[in-house]
Amino acid sequence: MSFTIITEQLTKQYGDRTAVDHLDLRVGDGRIFGLLGPNGAGKTTTILMLLGLSEPTSGSMSVLGLDPRRDPLGVKRMVGYLPDAVGFYTNLTGRQNLRYTAALNRLDKPESENTIDEVLSEVGLGKDGDRNVEEYSRGMRQRLGIADALLKAPRLLILDEPTAAIDPEGVHEILGLVRSLADDRGVTVLLSSHLLNQVQAICDEVAVFVNGKVVVQGPPHELVGGESGSEIVEVGVGSTVDLSSILAPEAWISATSKTRIPGIWEVTVERGSTARLARTLVDEHLDVTTIKRLAADLDIAYRHYFEKVDADA
Amino acid sequence: MLDTIPSHEQQVMRRRGGWRIVARKELGDYLTSARFGILIAMLGVVAAGAVYAASSGIRSVAPQAQEVPALFLKLFTITSTPMPFPFVVFVAFFAPLLGIMFGFDAIGSERSQGTLARVLSHPIHRDEVIIGKFVAGLSVIALMLGSLVLLVSGIGIFRVGVVPSFDEVIRLALWTATAVAYSGTWLAFALLMGILVKKTATAALATSSVWLLLTVFGQFLFGGMSRFFANPSDPGSALKAEVMISRFSPLTLFQDASTVLLDPTQRAVGLVTTSSVDRAILSKLSIGQSMSVVWAEVVALIAMIGIAFALSFIYFMRQEVRA
């Protein structure tokens with residue numbers, strides 16, 4: 001398999017702070033790669049370096065076979081980018097904004113009008129192209145941003161937080177759009193997000209990114225499987241109950257620990273024992289408000305790393 | 001498909017000139033903006049007032065003033081009640097504001113709108129964005145000042161009935177170009193401030209403060225500073241030093257250039273000593289001679305644009321794209 005993006009020991013420092021720490025990333029051709037991590041993990045910094053918009057402190061990278069440091073224009077000609085909090089000229093219509101983009105990409109006039117029509121309908125803005133961007137909802141702007149990135153017929157699409165600050169319905173639409181773009185156009189997609197479950201659904205591969213380092217990487221289904229013989233169950237029993245004293249350590253319960261939310265506990269049990277735990281809780285006459293098996297190791301890893309980050313901060 | 005891919009040579013050619021795309025877009029925005037409409041209306045009214053007053057002044061002196069050289073240009077340099085100042089002073093005062101208005105938010109608005117990162121993700125060099133913005137701003141300013149001069153000329157011809165000679169038309173054109181360069185220094189400075197100071201409101205305030213300081217308090221400032229350089233035993237040296245220091249202000253440069261360009265009898269700028277005019281033959285200067293008198297002033301204005309622009313360049317290239 002050949003790779004659209006390769007970074008080796010990529011590092012970016014701002015003064016004493018290391019935003020991206022010796023990052024080794026490989027994104028295969030035609031895949032949807034999810035860069036997951038909390039805000040400030042270094043996702044946007046990585047993306048800006050890949051586009052040649054920010055200078056790495058050390059390390060090397062290759063995007064579509066080019067070095068963004070040496071040939072930023074060559075990279076930008078082939079890579080479509082949807083920035084975090086994308087903006088448009090609000091005094092212009094969606095179509096006028098795209099015309100400017102077409103000019104910046106040196107698309108020739110008569111064909112570019114057709115291309116604009118195509119990308120507008122592709123993202124579902126076929127009817128709204130002639131409205132002022134000022135009237136656009138956030139989701140519409142986001143879709144216009146994707147159209148803007150598609151205009152140059154990119155081979156790689158980089159989407160920075162495409163689902164941030166969008167209502168659930170909009171999120172669903174955007175993710176569906178991204179999936180179909182990857183399938184229909186065969187374009188490689190790198191997308192960043194801090195919301196695991198949204199991104200998990202459409203990504204071929206994810207990397208969990210914390211403090212500038214990748215802590216877990218792989219296809220979501222592989223990460224989901226896990227190798228340990230235990231599962232973690234989230235239990236809500238009201239804030240006055242000390243669950244750890246009630247659930248005496250047994251063979252099938254290996255740990256009971258508090259979470260940061262009062263009254264919510266995490267119980268580590270033997271694989272397949274969630275139902276047994278539920279029965280035990282009822283037998284103890286506890287007023288159980290929630291009981292939820294945390295879906296996957298990825299989920300757990302994600303949560304734990306994030307909590308660690310918060311604790312460190 | 002293959003034959004539509006441009007050759008490498010074409011690609012290189014196309015890669016340049018991205019600033020033109022930016023400039024074209026900016027120009028379109030400016031010309032349709034409310035800002036432009038308000039400015040042109042305001043300037044038009046004031047300029048018409050200025051020329052009305054000037055033409056009244058000329059009318060009263062015209063009958064006995066057959067010998068006045070370049071009578072038409074007097075439209076721009078003299079005034080009478082009720083207007084407090086002639087057109088030249090009006091432009092000296094207003095041109096910097098034009099520059100500031102089209103410069104201070106050029107980069108800041110892109111940043112706050114979130115368009116900067118998006119635009120820069122397309123195949124365009126970062127410097128082409130500021131070059132395009134500067135060119136667009138300067139074009140609008142040239143358009144405004146040019147049409148104002150034409151408006152004043154038109155009203156003048158109609159009211160006074162004096163038709164400009166070829167010589168006067170050239171002088172007027174040169175003066176307009178100088179006024180555009182003068183406004184350009186402030187445009188470049190405002191652009192620089194807009195890059196250095198991230199908040200557009202702060203950038204506007206900072207730039208306007210510098211302008212106010214130089215325009216209103218310039219005389220005191222230069223006078224005060226000249227004392228440091230003056231030789232106490234030579235009473236004239238303080239004055240000489242003041243003149244030298246004041247030339248760091250675009251306002252002085254523009255005023256000096258205006259005086260000479262719009263009046264063929266003016267033969268020097270700055271300090272005129274008795275020795276320099278002693279037994280001088282009173283005659284009109286040709287355009288070439290006037291130009292050679294103010295050459296240094298015009299070059300200094302352009303150099304100021306160059307310096308401010310170079311600094312904008314350096315800082316903008318180093319800045320992070322992120323808002």
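Predicted model: local features only at pLDDT ≥ 70, side-chain atom pairs only at ≥ 80, totals over all residues.

Student: Why is Lys133(B) called buried?

Tutor: Buried means under 20% relative accessible area, exposed over 50%, and partly exposed in between, with a 1.4 Å probe and protein chains only. Lys133(B) has 3% relative accessibility and therefore counts as buried.

Student: What makes the pairing of Lys133(B) and Glu26(B) a polar contact?

Tutor: A polar contact is a pair of N or O atoms within 3.5 Å; within protein, one must be able to donate a hydrogen and the other to accept it, and residues adjacent in sequence count only if both atoms are side-chain atoms. The side chains of Lys133(B) and Glu26(B) are joined at 3.2 Å.

Student: Which residues does Lys133(B) touch, not counting residues up to four places away in sequence?

Tutor: Contact means heavy atoms within 4.5 Å. On that criterion, Lys133(B) touches Val22(B), Glu26(B), Ala106(B) and Glu110(B).

Student: Why is Leu98(B) called buried?

Tutor: Leu98(B) has 1% relative accessibility, so Leu98(B) counts as buried. Leaving aside residues up to four places away in sequence, Leu98(B) touches Leu39(B), Leu43(B), Ile141(B), Met144(B), Leu145(B) and Ser183(B).

Student: Where in chain B are Leu98(B) and Lys133(B) found?

Tutor: Helices (H or I, at least four residues) and strands (E, at least two) are DSSP runs, numbered from the N terminus. Leu98(B) is in helix H5, residues 87-103, and Lys133(B) is in helix H8, residues 126-160.

Student: How many helices and strands has chain A, and what share of its residues is buried?

Tutor: Chain A has 11 helices and 13 strands, and buried residues make up 52% of its 313 residues.

Student: What area is buried between chain A and chain B?

Tutor: Buried area is the accessible area (1.4 Å probe) that two parts lose on being put together, summed over both. For chain A and chain B this is about 2,700 Å², with carbon and sulfur atoms giving 54%. In chain A, Leu73(A), Tyr89(A) and Arg106(A) lose the most area to chain B, together 27% of what that side buries. The contact takes 31 residues from chain A and 26 residues from chain B.

Key: Residues numbered from 1 in each chain as written. Chains lettered and ligands numbered in written order. Heavy atoms only, no water.
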